[in-house]
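Good morning, and thank you for the time.

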Amino acid sequence: MQTIPVKLSDAEYATLNTSNPASKKNADIGERAVAVLRLYAQKNNWTENRTKRAGVDLAFTASATGETIEMEVKGTTDPG
């Protein structure tokens, strides 16, 4: 498993907190993690693709390379 550290600007963090407020519920943590990954993808000019492949939560195409990036999202409340 590869971990991708994501740094958000103050504005991105504020948007995230508005759309997906911090919570202790597992479902909310997962949704917030997906929202963070989507912000990361936008920063990197990735296009989101639909996928139904087992074990893949989100798939993207990298604009610069055309590479397909498939990810399983694991969210945690741990800041580090």
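I begin with a salt bridge in which the side chains of Glu70 and Arg53 meet, at 2.9 Å from N to O; the term denotes a side-chain nitrogen of Lys or Arg within 4 Å of a carboxyl oxygen of Asp or Glu. Glu70 belongs to strand S3 and Arg53 to the loop between S1 and strand S2 (58-62), so this pair ties together parts that are 17 residues apart in sequence. Helices (H or I, at least four residues) and strands (E, at least two) are DSSP runs, numbered from the N terminus.

Before I continue, please note that this is a predicted model, in which local features need pLDDT of at least 70 and side-chain atom pairs count only at pLDDT 80 or more, while totals for chains, interfaces and linings use all residues. Residues are numbered from 1 along each chain as its sequence is written, and side-chain values use heavy atoms, with hydrogens and water left out.

How many salt bridges does the structure hold? There are four. Another of them pairs Arg38 with Glu48, again at 2.9 Å from N to O. Here Arg38 sits in helix H2 and Glu48 in strand S1 (residues 46-49), ten residues apart.

Lys43 and Glu12 form a further bridge, their closest N and O atoms being 3.3 Å apart. This pair connects helix H2, which holds Lys43, to helix H1, which holds Glu12, across 31 residues. Is Glu12 buried or exposed? Glu12 is buried because its relative accessible area is 17%, where buried means under 20%, exposed over 50% and partly exposed in between (1.4 Å probe, protein chains only). Lys43, at 41%, is partly exposed.

Arg32, in helix H2 (residues 26-43), presents another case. Arg32 is buried yet has no salt bridge, and the nearest side chain of opposite charge, Asp28, is 9.7 Å away; in this count Lys and Arg are positive and Asp and Glu negative, with His and the chain ends not counted. What lies 2.4 Å from a polar atom of the Arg32 side chain? That is the backbone oxygen of Asn20. Arg32 also touches residues including Tyr13, Leu16 and Pro21, not counting those up to four places away in sequence, where contact means heavy atoms within 4.5 Å.

Methods. A polar contact is a pair of N or O atoms within 3.5 Å; within protein, one must be able to donate a hydrogen and the other to accept it, and residues adjacent in sequence count only if both atoms are side-chain atoms.
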